[in-house]
Amino acid sequence: MPTIEKEQWKALGFVAPLLLFVVLLVLVPVLGTLADSFFRDVTYLPKKFIGLGNFEQLLRDRGFWRATRFTCLFVVVSVPLEVLLGILIALILNERLPLRGAIRACVLIPWAIPAAVSGRIFELVYNYSFGAANYLFRVLHLTEGPINWLGSEAGAFFALVVADTWKTTPFAAIILLAGLSSISEDLYAQAKIDRASLIQRFWRVTLPLLKPVVVVTLLFRTIDALRVFDLIFVLTGGGPGGATTSLSLFGYDYFSAGDFGYGSAASVVIFLLAFGLSITYVKLARFEREVV
Amino acid sequence: MTEEQSKSILVALGAVLTVVFCLSPFFYMALTSLSRHPDFLLPDKPFGITFSNFLSVICSDSVHFMAFLRNSLIISAASAVISVLIASLAAYAVTRLPVPGKIFLMFLILSVSMFPPVSLVSYLFKLMSVLGWVNTYQALVFPYTAWTLPLSLWILVSYFAQVPRDLDKAGLIDGCSRLQILIKVIFPVAAPGIFSTMLLAFIFAFNEFLFALMLTTDHSARTIPVGIALFEGLHGQIPWGEIMAAATITTIPVVILTLVFQRRIIQGLTRGAVKG
């Protein structure tokens, strides 16, 4: 029999390529960004250590606070909406329906296509003069004139929430569906014997048992929505006038302007926010009991 | 009407609404791509069916759409394959061997998957510039591999954990090395799971945006999401017909993929998330 120590070395050998990739291409860059955030690091100027200078400037930067406020508002509005709709869709997908496979596939498609592509589709949908959104509003006589979706602050926010909800609700629904389908049929049968109505069955049986999965989905979506970038870059470009600039877009704008120090400082803030949440998520994860 | 009847009516109605909700933007996209006039919804505008948008997207040399498509397919496929190979090795060790600090490793990898891309992209850009890799496939394949590894690892661990350990023992008795067991025993048994994982890694790499945006400056390695995002007309006007044609061409393979492998994708996604 091989000794335990020898087996451990062998195990490390199997894990080594993964560690190499993750360390070199994820952990080192994140630490590099952290290091950059302490420097004045602008193209064409000598790199200079300035300690917490970038962070002090962030605290005074109204654009940064605006991006923070927008990102938080975006998370708070879109995530609950997505999870609520996700629960509804999951409840439907969990029923015995004709063409169930095809319906599930339809739900997957918005999730599966690149956000940049759906962003462009929605850009057309929200087009002021001939987009489908204003067409629908006109045909249904909902408003007097066309709405300036992407050119007004409220309109752009609403447009982003709708486009993001469309794109990510399917993911939430699929995760929730897995939770739903693990609820035993017997419980519903028993509830029916006890003459619990449909709505009672939902509140008394489904929801309590689904709660852990709902929490996981909420957290997952929150972490994802916190770093929102693609959709905003394409649909509003952060506008109008910076009203929909998310923290990620804020950081990227500085990178693309060649200010790596300041952009890095902003990125460190997003990282800390996401990391704090992911620690919570990891604590909820029940990996130990399930696999190892 | 009994409760059961009203429930099934509600469910059927909900199913129809769900499908309409999910597909209507695609319907609009496809219509626009086939129309001579992107503003065909205006009153008194003819639809004017045409394939010219598709033709110009596919044939035009200035649009480079076919280059983007080729880049995307090659980069995503390469990343998915490498990611699954590397993750298989690690998943085998995690489920079969005494990896030191196993739980810490799994949680470290899990938290890595939640890092915001913007917090590493600037450093990746510097790294790739130093290596002279900007605008090359490897500048995206390696980060995408690393980026999809957490997902691949978590899904594969859950699949490999289901393969009976007795199969390993039989292999060891026959004198196979651990690597041979992984390739000859685990791979065939877990093939469906490996395929699901590869499919998901492919979709994740195919959809990635920020890295591709910063690590490419021309069409030599630019991928579809960035290509479509930066698609602008030559004369200032947004060429909606062509953009929607490009979007349609991108969507068709995705639709086929999800229709055919719907069950596998859902299985993989749920394993990656809920078990996690």
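What percentage of the 292 residues of chain A count as buried, and which residues make the contact of helix 1 of chain A with helix 6 of chain B?

A: This is a predicted model, in which local features need pLDDT of at least 70 and side-chain atom pairs count only at pLDDT 80 or more, while totals for chains, interfaces and linings use all residues. Residues are numbered from 1 along each chain as its sequence is written, and chains are lettered from A, with ligands numbered from 1, in the order in which they are written.

Of the 292 residues of chain A, 46% count as buried, a word used when 20 or more other C-beta atoms, placed from the backbone, lie within 10 Å of a residue's own. The secondary structure of chain A comes to 13 helices and two strands, which are DSSP runs numbered from the N terminus (H or I, at least four residues, for helices; E, at least two, for strands).

Chain A also touches chain B, with 88 residues of chain A in contact with 87 residues of chain B, where contact means that the C-beta atoms of two residues lie within 7 Å. Helix 1 of chain A, residues 4–36, supplies the largest share of this side of chain A, 19 residues. The side as a whole divides into 63 nonpolar, 15 polar and 10 charged residues, with Ala, Val, Leu, Ile, Met, Phe, Trp, Tyr, Cys and Pro counted as nonpolar, Asp, Glu, Lys and Arg as charged, and the others, Gly among them, as polar.

Now for the part itself. The axes of helix 1 of chain A and helix 6 of chain B, residues 138–160, come within 9 Å and cross at roughly 125°; axes are lines fitted to C-alpha atoms over the stretch in contact, and angles run from 0 to 180 degrees between N-to-C directions. That angle makes helix 1 of chain A oblique to helix 6 of chain B, because angles under 35 degrees count as roughly parallel, over 145 as roughly antiparallel, 65 to 115 as roughly perpendicular and the rest as oblique.

On the side of helix 1 of chain A, the contact is made by L18(A), F21(A), V22(A), L25(A) and V26(A), and on the side of helix 6 of chain B by F142(B), P143(B), T145(B), A146(B), L149(B) and L153(B). The residues of this contact divide into 10 nonpolar, one polar and no charged.

Conventions. Buried ≥ 20, exposed ≤ 12 C-beta atoms within 10 Å, placed from the backbone.
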